[in-house]
Amino acid sequence: MIPRARARRRWPAALLAALLPLGAAAADGGHRVAHAFGETQIPATPQRIVTLYQGATDSAVALGITPVGVVDAWLEKPMYRYLRDDLAGVEHVGLETQPNLEKIAWLDPDLIVATRFRHERVRPLLTQIAPTVATDTVFDFKASLALLAEATGRETRAGELLRDWDARVADFRRRIEATLGDAWPQKAAVVRFKSDHVRLYSTGFAGSILDELGFEQPDAVQDQGWGMKLTSEENIPVLNADVIFVLLEPDPAIERNYRHWRSHPLWQRLDAVEAERVFEVDTVNWIMGGGILAANAMLDDLYRHYGLDHPVAHEAPGAAGASESTATAGCYAESDAGSLSHDAGGEAC
């Protein structure tokens, strides 16, 4: 019997040898895909796909793909509720930041979808297991959708999803401008409460979508990278904006911190508070989901909070949870150091 440690050292080489014939995939109708790791030869119709970040998993479901392996969700473990029906029974392969390579290998995938931001370090091992493609970041949902579609031959469906998104964006911009008049565009603050501090986001998943919709950044986060980490109530004026979107989690310590900041006199003087435009929104929709379905769910939230007529989001065919996800579903994975990984500085995040 081979000791377990030795077996683990041997499987990458053994799998590489087994997968070498894929190098001739062009002869079998395969194609080459350019991506963040370079260029990779992909089988003509990959069937066993592993997604290693949330935006790729969301994109797979939107395209009608059931992966053979996915990473754990950041919240609502093991998988976000809006994706559970579509991913029932699918194997989990660890964390987005630390995927279980041995488990991935046992799944015998013919395509791995990764991200340079998360997986550059394990890239050599991933490419030994199966053809691997990667996005540059984890929060660009359009890039995730386009890459997965190109790798799996689903460009037509991706085009439909993106055209539907563009139409919804145009509709929202038209309606909110008509509703708010001279008060548009608004400066929007995306604020996430944690147990001992507050984060004010600028870039990333939510930030990029708000920017596309025509919102502007609060003055305090201009040129601040992913955003700011605030540890004292004296910093509350930094949150000043026309509208504040508050991200909460079902954690008593977070709820207490939110109530504490909200009761402070400086909070009461914020423009958004005085205008009654402080909206509590779904953290999964706004920063965790990271794909086209989550983006539509975030847009649903905005239609609802602004009282706009609400067109129905496009539903992904063959995805049991797609309509729910576009109506209730959003990635940030963050580091313990307080710099964000998915949307602010890292998912950038």
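Helix H2 (residues 54–62) and helix H7 (residues 141–152) pack at an angle of about 55°, their axes lying 9 Å apart. Axes here are lines fitted to C-alpha atoms, for helices over the stretch in contact, and angles run from 0 to 180 degrees between N-to-C directions. H2 is therefore oblique to H7; angles under 35 degrees count as roughly parallel, over 145 as roughly antiparallel, 65 to 115 as roughly perpendicular and the rest as oblique. Helices (H or I, at least four residues) are DSSP runs, numbered from the N terminus.

This is a predicted model, in which local features need pLDDT of at least 70 and side-chain atom pairs count only at pLDDT 80 or more, while totals for chains, interfaces and linings use all residues. Residues are numbered from 1 along each chain as its sequence is written, and side-chain values use heavy atoms, with hydrogens and water left out.

| Helix pair | Angle | Axis separation |
|---|---|---|
| H2 (residues 54–62) and H7 (residues 141–152) | about 55° | 9 Å |
| H8 (residues 155–180) and H14 (residues 292–305) | about 15° | 11 Å |

With that angle, H8 and H14 are therefore roughly parallel to each other. On the H8 side the contact includes Leu-161, Trp-165, Arg-168 and Phe-172, and on the H14 side Ile-292, Leu-299, Asp-300 and Tyr-303 are among the residues taking part. By class, this contact holds nine nonpolar, one polar and five charged residues. Ala, Val, Leu, Ile, Met, Phe, Trp, Tyr, Cys and Pro count as nonpolar, Asp, Glu, Lys and Arg as charged, and the others, Gly among them, as polar.

Arg-168 forms a salt bridge with Asp-300, with the closest N and O atoms 2.7 Å apart. This pair links distant parts of the chain, as Arg-168 in helix H8 and Asp-300 in helix H14 are 132 residues apart. The whole structure has 16 salt bridges, each a side-chain nitrogen of Lys or Arg within 4 Å of a carboxyl oxygen of Asp or Glu.

Finally, a word on confidence. The protein averages a pLDDT (the predictor's confidence in each residue, from 0 to 100) of 82, and 79% of the residues score at least 70. The pLDDT is below 50 over residues 1–27, a stretch with 24 contacts beyond near neighbours in sequence. Residues 316–349 also have pLDDT below 50, with 154 such contacts in the model.

Technical notes: Helices (H or I, at least four residues) and strands (E, at least two) are DSSP runs, numbered from the N terminus. Contact means heavy atoms within 4.5 Å.
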